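Please work through the exercises below with the sequence and the model side by side, trying each task before reading its solution.

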Amino acid sequence: MTDAPAGFPHRWLPVDIRFDSGEGTVKWLHFGSTSLAAPFFNHTVRWLTMDSPPAAELMTPVEVLLDLAARLPAVTPAGIIFHVSRCGSTYLGNALRTAGQVVVLSEVCVIGMVSRPGFFHGTALPRDQWNNMRRRLLDAVIRVYGHHDVASDPRVIIKWIPFGLLQMDVIRDVWPTVPFAVLIRDPLEVMVSNLERPPETFVWPSPAREGEPLEEYYARGLGLLYAAARQRLDGHALVVDYEQLSPEMVQRIASFFGITLTPGSDALRAVMATYSKDPSRVRQFSDDREHKRRHANDLVKQSAARWADPPYIALKNEVALR
Amino acid sequence: MTLRPDISLTETAEGAFLLDRITGDCFALNRLGLYVWHHLAEGRSSVEILDRVASEFDDVPRDTLSRDIDTFIAALEQRSLLTP
């Protein structure tokens, strides 16, 4: 064990937690003046670790994280965003960030890791402590991240990777009453987008079948996400289709999370006019639905019709009845 | 013989997707598997399940159904998805 660097833990964030050995360890990264404003957290981490010199790293026992977090005020997430990918969730996150006090934790790997079923499996931690340790770790991580950019009363929104829809039982065990939005989109458009630009984190829990075309593999996975969402809706859920994602709907989702957006603010207008995944916020947004539909080949259409459309329609019908 | 409570199940057109929340392992069930799963969840024995399946799938020999159900339950046991 070495001494912590001067200044720790100010402007440091936990980016990895492992229980490989008997005692859990946390990897910290020095964020310095870097905020969490980029559309994707992993991009921020990549910039920091590839910078010259790279950001400093530090390993500590898990207890250090728990102790440091306990000194910060408690933070309950204001809302959770689940999504099926390429459906406006990044745009929504960017829009919510324009409100005061809001911290959007967009696909933060350490949060996803701790929430993952099986995270403690094979570790020395006794099984009867797993649920409690998961809650403590997530609570600690949210406190530390929440206060990174906002000193007082941060309003934290957690945006999951698409796989989060299959982890909902675990996530909602931790935060059963936190409102959550499920963003969906027509399967054909999602599939074309993913095929054109293969994703970094669009990972299905099971691999493709032998010889299975990518189109079918995506359609099956997408169908599973819609089905998982439909089977876990309750009074805390708001389901929004990409085609409904107007500025008014963004306001409604913000209100659902207890957040007030300022209509017509320069920041919000800028978000709505630019491509959400562009960290420089320069590229103009354009509605690409027609493009996506035109570029869907027969296999995409057949796969979507067989695997993804029925659960998508069932989800939309379920929402319409609520 | 009961199903473990910490298994997340999502029904699909093919059957179901199971996620073991302890190990993180994933499994797929076909429709017969899902049918049996639901009856196991209701606490029925393998004999009771066979009777019900046989009445629904009357074009399949009872021996075949019995073998399929036994194989399925053995697979669940092997993957520790059942508690004794």
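The exercises that follow move from one whole chain to its interface and then to single residues.

This is a predicted model, in which local features need pLDDT of at least 70 and side-chain atom pairs count only at pLDDT 80 or more, while totals for chains, interfaces and linings use all residues. Residues are numbered from 1 along each chain as its sequence is written, chains are lettered from A and ligands numbered from 1 in the order in which they are written, and side-chain values use heavy atoms, with hydrogens and water left out.

**Exercise 1. Describe the fold of chain B.**

Begin with the secondary structure, where helices (H or I, at least four residues) and strands (E, at least two) are DSSP runs numbered from the N terminus. Chain B contains 3 helices and 5 strands, and along the sequence these follow the pattern β-β-β-β-α-α-α-β.

Next, turn to the dimensions. The C-alpha trace spans about 35 × 30 × 20 Å along the principal axes of chain B. The radius of gyration is taken over C-alpha atoms, and the globule rule is 2.2 Å times the number of residues to the power 0.38; a compact globule of 84 residues would therefore have a radius near 12 Å, and the 13 Å of chain B agrees with this.

Finally, consider burial and surface. Of the 84 residues of chain B, 43% count as buried, a term that means under 20% relative accessible area, with exposed meaning over 50% and partly exposed in between (1.4 Å probe, protein chains only). The accessible surface of chain B (Shrake-Rupley method, 1.4 Å probe) comes to about 4600 Å², and 49% of that belongs to carbon and sulfur atoms.

**Exercise 2. Characterise the interface of chain B with chain A.**

Count the partners first: 16 residues of chain B are in contact with 18 residues of chain A, contact meaning heavy atoms within 4.5 Å. Then take the area, which is the accessible area (1.4 Å probe) that two parts lose on being put together, summed over both. The two chains bury about 1400 Å² between them, 59% of it on carbon and sulfur atoms. Glu14(B), Arg21(B) and Ile22(B) supply 37% of the area that chain B buries against chain A, more than any other three residues.

**Exercise 3. Locate the backbone exceptions.**

Start from the expectation that most residues other than glycine have a negative phi, and that most peptide bonds are trans. In chain A, the bond from Phe8(A) to Pro9(A) is cis, with omega near 10°, and Pro9(A) is found in the segment before strand E1 (12-18). The bond from Ser52(A) to Pro53(A) is also cis, with omega near 0°, and Pro53(A) lies in the loop between helix H1 (41-50) and strand E3 (57-61).

For phi, Arg11(A) has a positive value of about 70° although it is not a glycine, and Arg11(A) is found in the segment before E1 of chain A. Ser80(B), likewise not a glycine, has a positive phi of about 60°; Ser80(B) lies in the loop between helix H3 (62-78) and strand E5 (82-83) of chain B, and at 43% relative accessibility it counts as partly exposed.
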